[in-house]
Amino acid sequence: MSKDQQEEVSTQTQVGKPRKTNSSRFNADEEGKRRATLLKRVHVVRTRGERIQVSFDAKGQPIGKEGDELQSWIGVLAREHIPIWIADFRSADLEPRKEQVWLEVVTSFTVDESHKKQVLKSCGESAKCFRYDLYQAFVRDHIDDESVWQRPAKVVNNYPTISQDDWERFITYRRTGDFKRLSDQGIERRKKSKYGSTTGRDGYRKRDQEIFEKTGSYADRHVIWRDTRIKPDGEYKNPSIKIIGDQIDELTQQDTQGSFESVGTEDILTNSLGNPEHSGRLHGQ
């Protein structure tokens with residue numbers, strides 16, 4: 001089983017309270033209105049021979065209203081071009097579809113070639129989340145029922161690009177022993193997760209932009225990590241996170257006084273969490 005497949009199952013299995021399904025996505029009226037509004041704007045701009053101007057911050061993240069529209073458009077393209085039965089986004093079979101997604105993006109938005117990798121990565125993440133939502137909404141509780149093989153009416157009405165054959169291949173994988181085994185592994189991993197953020201889609205990116213707009217500079221990653229785990233009432237999400245938050249505050253004060261020095265990834269966040277970084281992945285990014 002590929003790494004991408006393992007990561008997908010990991011996001012699909014959470015202990016106690018599963019990741020909340022975006023149920024409004026499968027409401028024909030709400031989904032139709034949101035998608036129609038975005039499609040209308042994109043269509044109008046393209047008809048004029050123009051493109052929606054997107055700005056990127058110093059970290060290469062799309063910003064502003066146009067950046068949000070780009071992210072939403074990538075989600076639309078992921079649902080329309082990436083088959084729900086492909087779990088590994090690195091599959092060679094997907095290359096023509098990825099190129100089509102990229103072409104659709106640059107036809108409608110000003111996105112430089114240097115952002116292509118990030119755009120396609122976002123597309124893969126959107127496709128993975130969509131598969132998860134489909135599974136949670138229509139499959140998980142009916143996995144052993146014969147009726148599960150038939151596309152739900154909401155899928156047929158909202159996503160005509162998902163054929164009956166696509167749906168059957170989607171169900172076939174999720175009834176395999178491999179999927180169940182990886183699901184169980186994902187559950188065990190989630191048991192060890194104590195520091196989930198309170199944010200939704202693009203939470204880190206949004207918080208980063210908010211701080212930049214207020215201060216004119218980007219926050220250190222320990223600030224982003226802490227802020228995205230504070231509830232609207234100002235309290236930390238749970239006691240375990242508060243302990244880390246207090247440690248971050250203490251090390252921040254020491255850093256200001258010169259008694260603590262960050263060296264590479266051995267910074268305030270890593271020391272507060274008490275565990276080293278994994279190669280290729282940074283906390284708070």
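1. A residue is called buried when its relative accessible area is under 20%, exposed when over 50%, and partly exposed in between (1.4 Å probe, protein chains only). By that rule, 41% of the 285 residues of the chain are buried.

2. This is a predicted model, in which local features need pLDDT of at least 70 and side-chain atom pairs count only at pLDDT 80 or more, while totals for chains, interfaces and linings use all residues. Residues are numbered from 1 along each chain as its sequence is written, and side-chain values use heavy atoms, with hydrogens and water left out.

3. On confidence: pLDDT is the predictor's confidence in each residue, from 0 to 100. Its mean over the chain is 81, and 80% of the residues reach 70 or more. Residues 9-21 have pLDDT below 50, and beyond near neighbours in sequence this stretch has 33 contacts in the model (contact means heavy atoms within 4.5 Å). Residues 277-285 also stay under 50, with 18 contacts beyond four places in sequence.

4. On the overall make-up: the chain has 12 helices and 2 strands. These are DSSP runs, numbered from the N terminus: H or I of at least four residues for helices, E of at least two for strands. From the N terminus, the order is α-α-β-β-α-α-α-α-α-α-α-α-α-α. Among contacts with a separation of 6 or more, 64% join residues 24 or more positions apart.

5. How do helices α5 and α7 pack? Helix α5 (residues 116-139) meets helix α7 (residues 164-174) at an angle of about 85°, and their axes are 12 Å apart. Axes are lines fitted to C-alpha atoms, for helices over the stretch in contact, and angles run from 0 to 180 degrees between N-to-C directions. The two helices are therefore roughly perpendicular, a term for angles of 65 to 115 degrees. Helix α5 contributes Arg131, Leu134, Tyr135, Phe138 and Val139 to the contact, and helix α7 contributes Trp167, Phe170, Ile171 and Arg174.

6. Is Ser272 buried or exposed? Ser272 lies in helix α12 (residues 268-273) and counts as buried because its relative accessibility is 8%. Beyond neighbours within four places in sequence, Ser272 contacts Ile244, Gln247, Ile248 and Leu251.

7. Asp68, in helix α3 (residues 64-81), is partly exposed, with a relative accessible area of 24%. Leaving aside neighbours within four places in sequence, Asp68 is in contact with Arg205 and Lys206. Asp68 and Lys206 are 138 residues apart along the chain, and their C-alpha atoms are separated by 9.6 Å.

How values were computed:
Angles under 35 degrees count as roughly parallel, over 145 as roughly antiparallel, 65 to 115 as roughly perpendicular and the rest as oblique.
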